[in-house]
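Biologist: I'd like to learn how to read a sheet and the pieces around it. Can you walk me through one?

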Amino acid sequence: MKLAIGCDEAAYQLKTVLIQHLLDRGIEAEDFGADPGQNVLYPDIAYTVADAVATGRYERGILLCGTGIGMAICANKVPGIRAAVCHDPFSAERARKSNNAQILCMGQRVIGEELAKYLTDIWLNCDFQGGGSAPKVERMMALEKEHIRQYEENEAK
């Protein structure tokens, strides 16, 4: 599995810990920022990682900031992306199994390094179960496509 990972300056330390953790597990993770001491606008990092996942260059992504919330909001603006903030094991599991989230978002100011590694492992080891959740995910994607279609029609007028 090949992952995209990115952060803002508030989560640089957690990003370095997770990259090493992934490498130790034999998982390649491309680093999309931020660099030490670099102040970045997290929407730019979130968009870059989400776009890389949406276009299929990476199977999944991890985004980190102070809380994970801003990254998730921004990533979810990219069509086809389902990003979830997860700070507990059940959420990390359900993000994949029920919602087929391709991007895991966490906050360095919210959780510690060991919990972040544990949640990453849970999220990586889960697959979408389909079942009763499949129609819900399909509906999310259909609504997204409908919104895009309506937007494009309005812009053409």
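Modeller: Let's begin with a strand pair: β1 (residues 2-7) and β3 (residues 60-65) run parallel and are joined by five bridges. Strands pair when DSSP finds at least two bridges between them; strands (E, at least two residues) and helices (H or I, at least four) are DSSP runs numbered from the N terminus. Within this pair, Ala-4 stands opposite Gly-61 in β3. One caution: this is a predicted model, where local features need pLDDT of at least 70 and side-chain atom pairs count only at pLDDT 80 or more, while totals for chains, interfaces and linings use all residues. Residues are numbered from 1 along each chain as its sequence is written, and side-chain values use heavy atoms, without hydrogens and water.

Biologist: What order do the strands of the open sheet have?

Modeller: In general, strands pair through backbone hydrogen bonds, parallel or antiparallel. Here five strands pair in parallel, in the order β2-β1-β3-β5-β4. β2 (28-31) and β4 (83-85) are at the edges with a single partner strand each, so one side of each has no neighbour in the sheet.

Biologist: And Lys-15, buried or exposed?

Modeller: Buried means under 20% relative accessible area, exposed over 50%, and partly exposed in between (1.4 Å probe, protein chains only). Lys-15, in helix α1 (residues 12-24), has 1%, so it is buried.

Biologist: Which side chain does the Lys-15 side chain make a polar contact with?

Modeller: A polar contact is a pair of N or O atoms within 3.5 Å; within protein, one must be able to donate a hydrogen and the other to accept it, and residues adjacent in sequence count only if both atoms are side-chain atoms. For Lys-15, the partner is the side chain of Asp-31, at 2.8 Å.
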